[in-house]
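I opened this entry to look up a few packing details. My notes follow the order in which I checked them.

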Amino acid sequence: MMDLDQDGALLDPDDSEGRQIILPSEVMPGQIYVLPQTYRPFFPGQAIPLLMDAEIWMPTLKAIQARKHDVVGLIATRGEMKSLPEPSEMYDMGTVCRIHRIHKEGSQIQVLMEGLQRFRVRRWLHQKPPLAVEAEYFPERPQAQSEATKAYAVAIINTIKELIPLNPLYGEELKVFLARSNPNEAALLADFAASLTSASKADLQEVLETLPLQRRLEKVVELLHRELEIAKAQMEIRAHVEEEIQGHQREVFLRQQLKFIQKELGISKDDKTAELDEFRGRLETLDVPEHAQKKIDEEMQKLSLLELGSPEYGVTRNYLDWLTSVPWGRYSEDAKDLKTAARVLDSHHEGLEDVKERILEFLALGIMKGELGGSIICLVGPPGVGKTSLGRAVAESLNRKFFRFSVGGMRDEAEIKGHRRTYIGAMPGKLIGALKDTEVANPVIMLDEVDKIGASYQGDPASALLEVLDPEQNSDFHDHYLDLNFDLSKVLFICTANQLDTIPGPLLDRMEVIHLYGYLDKEKQAISRKHLLPRQLARAGLRQRGDLKVEPAALRRIIEGYSREAGVRRLDKALATIVRKGVVKILTSGNRPVIVGADDVADYLGKPLYEQEALEQGVGIVTGLAWTPLGGATLPVEATLVHRKQSGLRLTGQLGDVMQESANIAYSFVRSNADRFGVPDGYFDDAFLHVHVPAGATPKDGPSAGVTIACALISTSIGARPKARTAMTGELTLTGKVYPVGGIREKLLAAKRQKIRHVILPEANRRDYEEVPDHIRKGLQVHFVSVFDEVAELVF
């Protein structure tokens, strides 16, 4: 049993002298309950409120109250605290605290605690709430301080003094510490300084577990210096930001003052007056019609009365901006030299002589009349034949501004006629936008891909174009946004399309159609030599003669093996590939020039896309001519006898409905007139015939293969070979008449590419043939037929 000294303190019998004084404040129970702390360790001398989950930790607090003492151990968790941490997840060293107040609010408990002294867990007595341990205590007792300890204490105080100006919160913490502690006690000073820092949980726990005072002071000084560096950096950042903000505010303030002074002196205007003056300045160079001028004056009057912050101000300002940006009455002067126009067209395009002639006729008519507006050209042809660039050449030959936009896929008529101003973000249509960009009222406007225009619930753009492209209506074109009529009659519209079938009839009726059919191999060689190859070399930064040369034989190989379409787009891509690979060779080897011969083409472009096709000849094989969106093509038709067990006809080759009907008509015609063509009697009674049109993966349709299929059936039936190098096209009827077909020029181009000598055409297509240029007709012997008997006579 322990004794009491004369001051009432307990005496420790284990003292080496037999008696050591134990202060009443140091008397702690050997077994205590503990609570986990997730954020950072708690130090002796601190007083903090702790928020806890009432459902989990209320039983622990009740157990503490039941034991008639108000102390509890507070231990930090090693990581993020779970709802119920395991003992292994908590540190061994903590702080024993006195509970001053417990306040429950909803599902949370607020516990106000004061740290008393360090303790270490000797043994866990209860590992589930309420958590209980057997504790070993480490009270801080007053002792004589060494010189080193005093030096460290002074260093801590000086560092805290440096921190106070950088962060006022340190001053508040210091006031609380001075009010509750003696600053001369180095142990309490070290713990207070450590709690003051924003160090990590691990660093603070290390300070808590350091029992020797000297080592603890060293660690705390290190943490404070680190905190001081962070605070200085934050102060610098704050000062920099505040300086920028103050500088900006000062600049705004000075600008406002300057604006006010200038306004008082009459040497400056406010934003609204400046904008109105700008709009009036634009109008001085324009010839605005009376109805438009009246509208502009009304809007300017409205703008002058509106406040700058009003939503209506922005709408009215944008409207006036558009009204004064449209080139009312401003026209560029047309070039009226037909020779110059012809020279410009020749410089832009090789070949297409008939097309150039039609364009020059159109320009000559406009020059003679004195105005070129009122007409709409529609350039129709396969992709890559130069429709868009031809439109640019027309604009250049007339010395007019050029604007192009695509209507392909357009589904909203507001793209043409603009949005009404009642909508947020409303804008004029593309036509008014084109006039604003070109700054003249008579540019050349190209409507690209007019055959691919769409329609939706938002309107029909094709119908909106009717007003635009009608010379009788476009002098009063009404844009929904401007809500004014504008004269488009001086604009030269050029449309482009790949085919006419998908263009609405009323729209097509307003256009003057000019067909671009495609290029011959000879023309492609000239185009690649004069236009495509120089352009690709210039893009790559090469000289035409000194760096890379493509021999004429190589150009022929490229055209024949990689670019058989009507246009030159694929040819341009092939030349671009050769130039790129040529640049790589120049940079790696250093040899100049790189010469590309015919045998080198495959090394640059790979295996040819088109092999040299020998015309198929033999019994039952007849060559037809077909039209495709990419130009003309030869189409071999094969017929053979399958067996003699029953009569019938099989068709293969992905034939469309119209082509299947043509095949059935040809079969019925040949079978009903078998004796006229020398077919043995009763041949069709048990003959099962098969007609195939290669290639099987390519869909085919149209009526123009009727005469070709009939000739193939007759050839098989009589066992006779058709005439060599002969091709044909024409629709066949059940009575044997040959009807006209379309795409004559494209089909003749395809025949010329395949070196066909004899071509059979319907008599009704003679007019189309006469419109074909002489350089295409040259070398072809064309036979015109009205009935199939004439076809059979020519072929067999």
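Which residues is L431 in contact with, leaving aside its neighbours within four places in sequence? I found F405, I416, I445, V468, F477, L488 and F493; contact means heavy atoms within 4.5 Å.

I noted the source next. The model is predicted, so local features need pLDDT of at least 70 and side-chain atom pairs count only at pLDDT 80 or more, while totals for chains, interfaces and linings use all residues. Residues are numbered from 1 along each chain as its sequence is written, and side-chain values use heavy atoms, with hydrogens and water left out.

I then looked up the cores. A nonpolar core is a set of buried (under 20% relative accessible area, 1.4 Å probe, protein chains only) Ala, Val, Leu, Ile, Met, Phe, Trp, Tyr and Cys residues joined through side-chain atoms within 4.5 Å. The largest has 53 residues, and L431 is among those with the most contacts inside it. Helix α9 (residues 311-325) gives the most to this core, with five residues. Helices here are DSSP runs (H or I, at least four residues), numbered from the N terminus. I also found a second, separate core of 47 residues, which includes L537, L548, V594 and V596.

Is A663 buried or exposed? A663 counts as buried because its relative accessibility is 0%. I placed A663 in helix α21 (residues 657-672). Not counting residues up to four places away in sequence, A663 touches L649, L651 and I709. I also checked P703: its C-alpha atom is separated by 8.9 Å from that of A663, 40 residues apart along the chain.

How values were computed:
Buried means under 20% relative accessible area, exposed over 50%, partly exposed in between (1.4 Å probe, protein chains only). Helices (H or I, at least four residues) and strands (E, at least two) are DSSP runs, numbered from the N terminus.
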